[in-house]
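Me: Please take a close look at one part of this model, the place where the two chains meet. I would like one connected account of that part.

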Amino acid sequence: MADAEGFVEADNAEAIITRIEHKSRKIETLLKQYKPVEALKTALEGTYAIIGDERCKSAHWIVVHRAIMAIKDVDGMLSSLDPEYYDILMKYLYRGLATGDRPTCDQFLRIHEKLTEKAGHGCILRFLTDTVNTV
Amino acid sequence: MAVMAVHQFAQCITCHVWSPDQSMVALCPNNNEVHIYRLVEDKWEKVYVLQKHDQVVSGIDWSARSNKIVTASHDRNSYVWNLERSEWVPTLVILRLNRAALCVQWSPKENKFAVGSGAKTVCICYYEQENNWWVSKLIRKRHDSSVTSVSWHPENILLATTSTDGKCRVFSTFIKGVDAKDSKKGTSADSKFGELIVQLDLSSSWTFGVKWSPSGNTLAYVGHNSMIYFVDDVGPSPLAQNVVFRDLPLRDVLFVSEKKVIGVGFDCNPMVFAADERGIWSFVRYLGERKAVSSGSRYGSQFSEAFGKFYGQSKHGVNNDAVETSRTRGTVHENCINGIMPLRDHGTIIRRFSTSGLDGRIVVWDLENEQDLLE
């Protein structure tokens, strides 16, 4: 029983990786067209549907990280980003801050400040308390 | 302004409840006693002190018709207090718990009361005439963690609970000989004692403050993840809604009507939620006025200092003068509100209610002058 489930999951993981690769190409295209906000939206879209095991999470994180690092106008990005993405963006911001990488932290902390102003402390609490849907 | 009266009763209040005629208020000032105050010529006078518990009183309820007080405490016991010749006489209720009792509520018919506990159990207590004794019947092995709140359905059989395992559950508490078997009532009266009617797994974190709407058709409870949940058609196929809000989590809720809920909690300011014609719930606004945040800090809350440090560091200390300790919360309550109780005038729509919290205040609110909130 456990073997069968593991097998299905591995199969599923391959499909997810393919989808993440597809997403990555789309984001690269959008970034080349100077559409960083569109790229970020694409990166955050349907995250939970394509989050599987740790390997998928890492692959997806690389894609999201790429999109977040390309953001220059934070206020502009937040005002055009749909509020439903605030929670998931917050989760990735904390993942980025956890890396300890200087350029990443500088950028992510800048966005964190603006996002907290916009989405409130509730957004941070939802990140802290959600132990099931981690990114 | 929605605030009618504010009174500082103690350093901190763990719970409070009003007498049936609302002339008196019973509260626990964060110790093993219950203090009962009466309003005499615009002054609150302490008229009774109920001393029997050994540890902090975590729950009080005052029955409307039989005028009995039930208390629950961390000492794992409950007392039922009866007023006999101007003296509150306690009767010990042995709950048979090995952890603290956390909350208590009389059933609508006042023939039972429910106690939630840290022992992952709920006690349903009822009076046995022949033995002159309150019996505690346990609902065991249903909760994976502490039971934080209990709420009776108006029909006197179903009980909703919230727990730190993140779930909200509804049980049947039918007790033979106490509850009349009513064949017309359908499903709820047919279930055995302790039967799980529904388990709602909506929250990823602790849940608190469960309440039924006045009709018993809707269930509301809160999660520690700054979310509030509304559940219709409680039964085999419940309809659930999550409402996300931007501030700190809630601890307790109150239905002021079928379509309107007041939530109180760590944000120190009551929040109003309402359902539209289609039954979609959403956040409406804060009830208290929010004063402008002081210029010293951009984050007008207890977090300001910590946040200042957090961001200040990234700017290599440049912005540090802007970081000041600011205690401005701009609300009537200055700390977490942990309880909300209705004040009934007449009818089912509640216009007035009171809140108490860790700041030791009880605040009475009135929706009378809040035009946008009245139907």
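Reply: Contact here means heavy atoms within 4.5 Å. By that criterion, 22 residues of chain B are in contact with 19 residues of chain A. The model is predicted: local features need pLDDT of at least 70 and side-chain atom pairs count only at pLDDT 80 or more, while totals for chains, interfaces and linings use all residues. Residues are numbered from 1 along each chain as its sequence is written, chains are lettered from A in the order in which they are written, and side-chain values use heavy atoms, with hydrogens and water left out.

The two chains bury about 1,600 Å² between them, 56% of it on carbon and sulfur atoms; buried area is the accessible area (1.4 Å probe) that two parts lose on being put together, summed over both. Of the area that chain B buries against chain A, 32% comes from B:Ser204, B:Arg246 and B:Tyr311, more than from any other three residues.

On the side of chain B that touches chain A, helix α2 (residues 304-314) of chain B gives the most, with four residues; helices are DSSP runs of H or I, at least four residues, numbered from the N terminus. By class, that side of chain B has ten nonpolar residues (Ala, Val, Leu, Ile, Met, Phe, Trp, Tyr, Cys and Pro count as such), four charged (Asp, Glu, Lys and Arg) and eight polar (the others, Gly among them).

Between chain B and chain A there are zero salt bridges, a salt bridge being a side-chain nitrogen of Lys or Arg within 4 Å of a carboxyl oxygen of Asp or Glu.

Conventions
Helix = DSSP H or I, 4+ residues; strand = E, 2+ residues; numbered from the N terminus.
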